[in-house]
Amino acid sequence: MREEDKGMLGGGGGDAGLATAAARGQVETVRQLLEAGADPNGVNGFGRRPIQVMMMGSVHVAELLLLHGADPNRADPDTLTRPVHDAAREGFLDTLVALHRAGARLDVRDAWGRLPVDLAEERGHREIARYLRAAAGD
C-alpha cells in the first residue's frame, strides 16, 4: 500500500468497510461485502474508492472489485494517479494486467505528467515497462 494511503482507509461498515478490506487485501471480506451489495465505487471517509486504496499486490481483490463494476479509471482527486499508476510504480504486473483487461487506460498522466510506463521505468520494473510499451504499441 502506498504510504500516503495508509491514513486514508476509512473505517466502519458498508462502502468504507469495503475500502478497508480492499486495502488490507482481505479477499473473502471483499467478496462478502460486494455480494451483500457494497458499492465497488463508493467512497470512504477520505473520498477514496476501494480500487484506489486496494492492496496492489492482491490481484484477487482487484479482480473482485472489477467484476462487480469498479471503475479502473478513477483518478485520485489530489494526484490524478489511477490504479494503473500505482500498480506500475509498485511492480505488480498481475494487477496491472487485470486493470488493463478491465478497460484501464494506460495513456493518462498523473499530476506530475507521468504515465504508468514512466513510473515503472523510474522504479526499475522492466517487465512492467515492457508490457506497457507493448500495450501502447511502442
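Predicted model: local features only at pLDDT ≥ 70, side-chain atom pairs only at ≥ 80, totals over all residues.

Biologist: What share of the residues in the protein chain is buried?

Modeller: The protein chain has 138 residues. Buried here means under 20% relative accessible area. On that cut-off, the buried share is 47%.

Biologist: What percentage of the contacts with a separation of 6 or more comes from residues 24 or more positions apart?

Modeller: The contacts considered are those in the protein chain with a separation of 6 or more. Among these, the part from residues 24 or more positions apart is 63%.

Biologist: Leu65 is among the core residues with the most contacts. Which residues does Leu65 touch, not counting those up to four places away in sequence?

Modeller: Residues up to four places away in sequence are left out of this list. What remains for Leu65 is Leu18, Ala22, Val30, Leu34, Pro40, Pro50, Ile51, Met54 and Ala70.

Biologist: Are α2 and α4 roughly parallel or roughly antiparallel?

Modeller: The axes of α2 and α4 are 9 Å apart, and the packing angle is about 10 degrees. Angles under 35 degrees count as roughly parallel, over 145 as roughly antiparallel. The pair α2 and α4 is therefore roughly parallel.

Biologist: How do the residues of the contact of α2 with α4 divide by class?

Modeller: From α2, Val27, Val30, Arg31 and Leu34 take part, and they meet His60, Val61, Leu64 and Leu65 of α4. By class, the contact of α2 with α4 divides into six nonpolar, one polar and one charged.

Biologist: Why are α6 and α8 roughly parallel?

Modeller: The cut-off for roughly parallel is an angle under 35 degrees. The axes of α6 and α8 lie 10 Å apart, and the two helices pack at about 20 degrees. α6 and α8 are therefore roughly parallel because their angle is about 20 degrees.

Biologist: What handedness does the crossing of α6 and α8 have, and which residues make the contact?

Modeller: α6 passes α8 in a right-handed crossing. By class, this contact has seven nonpolar, one polar and one charged residues. The residues are Leu93, Leu96, Val97 and His100 of α6, with Glu127, Ile128, Tyr131, Leu132 and Ala135 of α8.

Biologist: How many residues of α5 are buried, and which helices do they pack against?

Modeller: α5 is mostly covered, with seven of its eight residues buried. These are Pro83, Val84, His85, Asp86, Ala87, Ala88 and Arg89. The helices they pack against are α3 (50-53), α6, α7 and α8.

Biologist: Is His85 buried or exposed, and what is its relative accessible area?

Modeller: His85 is placed in helix α5. Leaving aside neighbours within four places in sequence, its contacts are Leu80, Val108, Arg109, Asp110, Arg114, Leu115, Pro116 and Leu119. His85 is buried, and its relative accessible area is 0%.

Biologist: What phi does Gly91 take?

Modeller: Gly91 lies in the loop between α5 (83-90) and α6 (93-101) and is partly exposed at 29% relative accessible area. Beyond four places in sequence, Gly91 touches His125 and Ile128. Just after α5, Gly91 takes a positive phi of about 90 degrees.

Biologist: What distance separates the C-alpha atoms of Arg48 and Arg74?

Modeller: Arg48 sits in the loop between α2 and α3. With a relative accessible area of 6%, Arg48 is buried. Arg48 and Arg74 are 26 residues apart along the chain, and their C-alpha atoms are separated by 9.5 Å.

Conventions
Residues numbered from 1 in each chain as written. Heavy atoms only, no water. Helix = DSSP H or I, 4+ residues; strand = E, 2+ residues; numbered from the N terminus. Buried < 20%, exposed > 50% of the residue type's maximum accessible area, 1.4 Å probe, protein only. Contact = heavy atoms within 4.5 Å. Core = buried A, V, L, I, M, F, W, Y, C linked by side-chain atoms within 4.5 Å. Axes fitted to C-alpha atoms, helices over the stretch in contact; angles between N-to-C directions. Parallel < 35°, antiparallel > 145°, perpendicular 65-115°, else oblique. Left-handed = near helix turned anticlockwise from the far one by under 90°. Nonpolar A, V, L, I, M, F, W, Y, C, P; charged D, E, K, R; others polar.
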